[in-house]
Amino acid sequence: MKKFPCIALLFMLLACAAGAFAQTSVDGSVQTIFDDLQTSKPGKGEVIINQPQALRDMVGVRLHGENVEKTDSTAFLKIQGFRTQVFSGNNQRKSKDEAFEKEKMIKELFPTVPTYVTYNAPFWKLRVGDFRSHEEAYHMQRLLMTAFPSFGKEMYIVREEVKIPLN
């Protein structure tokens, strides 16, 4: 029974957070949290927000800018983050095939986790994930070590530019 208040609080926080993001209205204009707060609603109080226009213009900017990469349907924020390196090899005859084979095995077990096979002479590398923190990458490393014990000695966390989905 003690879990019920925590779960109820979590759902209330999620419901409040959902309304905090910029939304596009029917007429095509963007409605921000500021517009939503200042909308008059019967039986509710009135909110007046005094702020510089520059601050208002910054809301929703995370979908645009120099660190944002867009594909057809998704925008990604490129930031310094972490990945789990699963494989690195410099044997010109076998390393490429081994990197792609390990990538295939990981994709079968973790289809939603992004994988990256790269070649930086003379090394072929396989890195997994786009994580903001070292702890997230470490959690993935532990999952991979459990699933693939034979890969364990090669795995470690690397700092790298990662792509975090924005939508």
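Which exposed residues does the face of α5 turned away from its buried side carry? The legends below take up this question and others for a predicted model.

**Figure 1. Overall view of the predicted model.** The protein contains 5 helices and 7 strands. Read along the sequence, these elements follow the pattern α-β-β-α-α-β-β-α-β-β-α-β. Of the 167 residues in the protein, 25% are buried. The protein exposes about 12000 Å², and carbon and sulfur atoms supply 59% of this area. Among contacts between residues at least 6 apart in sequence, 61% join residues at least 24 apart.

**Figure 2. Helix α5 and its two faces.** Helix α5 comprises residues 134–147, a run of 14 residues. From its first C-alpha to its last, α5 reaches 20 Å, close to the 20 Å expected at 1.5 Å a residue. Its buried residues are Ala137, Met140, Gln141 and Leu144. Seen down the axis of α5, these buried residues fall within an arc of 105°, and they therefore line one face of the helix. The cover over the buried residues of α5 includes strand β4 (75–89), helix α4, strand β6 (123–131) and strand β7 (156–165). The face turned away from the buried side carries the exposed residues Glu135 and Thr146, which answers the opening question.

**Figure 3. The salt bridge between Asp130 and Arg83.** By the distance rule applied to the model, the count comes to 5 salt bridges. In one of them, the side chains of Asp130 and Arg83 meet, with N to O at 2.6 Å. Asp130 lies in strand β6 and Arg83 in strand β4, so the pair ties together parts that are 47 residues apart in sequence. Asp130 is buried, with a relative accessible area of 17%. Arg83 also counts as buried, at 6% relative accessibility.

**Figure 4. Lys102 and its salt-bridge partners Glu98 and Glu154.** Glu98 forms a salt bridge with Lys102, the closest N and O atoms being 3.4 Å apart. Glu98 and Lys102 both lie in helix α4, 4 residues apart, or about one turn of the helix. Lys102 counts as buried at 7% relative accessibility, whereas Glu98 is partly exposed, with a relative accessible area of 29%. Glu154 also forms a salt bridge with Lys102, and here the closest N and O atoms are 3.1 Å apart. Glu154 lies in the loop between α5 and β7 and Lys102 in helix α4, so this pair ties together parts that are 52 residues apart in sequence. Glu154 counts as partly exposed, at 29% relative accessibility. Elsewhere, salt bridges that share partners join Arg83, Arg127, Asp130 and Glu160 into one network.

**Figure 5. Glu103, a buried residue without a salt bridge.** Glu103 has its place in helix α4, which spans residues 95–109. Side chains of opposite charge can pair when their charged atoms come close. Which side chain of opposite charge is nearest to Glu103, and how many Å away is this side chain? The nearest is Lys107, 6.1 Å away. A salt bridge requires a nitrogen of Lys or Arg within 4 Å of a carboxyl oxygen, and Glu103 has no salt bridge. Leaving aside neighbours within four places in sequence, Glu103 is in contact with Thr115, Val117 and Leu126.

**Figure 6. The cis peptide bond from Ala121 to Pro122.** Most peptide bonds are trans. The bond from Ala121 to Pro122 is cis, with omega near 0°. Pro122 lies in the loop between strand β5 (115–120) and strand β6.

Figure 7. Not counting residues up to four places away in sequence, Arg56 touches Thr32, Phe34, Asp35, Gln38 and Gln51. Between Arg56 and Ile33, the separation is 23 residues in sequence and 9.6 Å in space, C-alpha to C-alpha.

Conventions: Residues numbered from 1 in each chain as written. Predicted model: local features only at pLDDT ≥ 70, side-chain atom pairs only at ≥ 80, totals over all residues. Heavy atoms only, no water. Buried < 20%, exposed > 50% of the residue type's maximum accessible area, 1.4 Å probe, protein only. Lys, Arg positive; Asp, Glu negative; His and termini not counted. Contact = heavy atoms within 4.5 Å. Expected span 1.5 Å × (residues − 1). Arc of directions from axis to C-beta. Areas by Shrake-Rupley, 256 points an atom, 1.4 Å probe, with all protein chains shown as cover.
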